[in-house]
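Here's a quick briefing to go with the structure you're about to see. Keep the 3D view open and look up each residue as you go.

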Amino acid sequence: AMLVRVTTYAADTARLSAGAALAQMRLGLTKNVDYIDGGWATLVAGLRRAAEGAGARIVTGARVAAIERDAITGAA
């Protein structure tokens, strides 16, 4: 389970596709895995800054009911 979590970055291995897990493990074991300085929090914070900078409104602790797309660009 630890190897799957490290190579797939997925914490919920019970819901992870076995095929996807095996494919990612194969990549991780043959091509190595890149780690982010500061961990996943660094990646999430950067994505949040980029999204908010592009006009996204982020609501935490809520279920997603819909994703609205821009009628002109088609962007989510």
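Does R48 count as buried, partly exposed or exposed? R48 counts as partly exposed, because its relative accessibility is 35%. Keep in mind that this is a predicted model.

**Salt bridges**
- There are two salt bridges in the structure.
- One of them joins the side chains of R48 and E52, at 3.1 Å from N to O.
- Both R48 and E52 belong to helix α3, where they sit four residues apart, or about one turn of the helix.
- Here's some background: an α-helix has 3.6 residues a turn, so residues three or four places apart point the same way.
- E52 has a relative accessibility of 37%, so it counts as partly exposed.
- R15 and D12 also meet through their side chains in a salt bridge, this time at 3.9 Å from N to O.
- R15 is exposed because its relative accessible area is 75%, above the 50% cut-off, whereas D12 is partly exposed at 39%.

**The aromatic pair**
- You'll find one aromatic pair here.
- It's made by Y9 and W40: their ring centres are 4.8 Å apart and their planes are at 75 degrees, so the pair is edge-to-face.
- Y9 is in the loop between α1 and α2 while W40 is in helix α3, so the pair ties together parts that are 31 residues apart in sequence.
- Y9 counts as partly exposed, with 34% relative accessibility, and W40 also counts as partly exposed, with 43%.

**A nonpolar patch**
- Y9 and W40 turn up again in a nonpolar patch on the surface, together with Y35, I36, L43, V44 and L47.

**Helix α3**
- Helix α3 covers residues 40-53, and W40 is part of it.
- How far should α3 span? At 1.5 Å a residue, its 14 residues should span 20 Å, and the end C-alpha atoms are 20 Å apart, so the two agree.
- Just after α3 comes G55, which takes a positive phi of about 100 degrees.

**L16 in the loop**
- L16 lies in the loop that runs between α1 (2-8) and α2 (18-31).
- Its relative accessibility is 26%, so L16 counts as partly exposed.
- Setting aside neighbours within four places in sequence, L16 is in contact with V4, T8, A10 and A21.
- L16 and V4 are twelve residues apart along the chain, and 9.5 Å separates their C-alpha atoms.

Key: Residues numbered from 1 in each chain as written. Predicted model: local features only at pLDDT ≥ 70, side-chain atom pairs only at ≥ 80, totals over all residues. Heavy atoms only, no water. Patch = residues over 30% accessible without salt bridge, like charges linked within 9 Å, V, L, I, M, F, W, Y side chains within 5 Å. Areas by Shrake-Rupley, 256 points an atom, 1.4 Å probe, with all protein chains shown as cover. Salt bridge = Lys/Arg side-chain N within 4 Å of Asp/Glu carboxyl O. Helix = DSSP H or I, 4+ residues; strand = E, 2+ residues; numbered from the N terminus. Expected span 1.5 Å × (residues − 1). Buried < 20%, exposed > 50% of the residue type's maximum accessible area, 1.4 Å probe, protein only. Contact = heavy atoms within 4.5 Å. Phe/Tyr/Trp six-rings, centres within 6.5 Å; stacked < 30°, edge-to-face > 60°.
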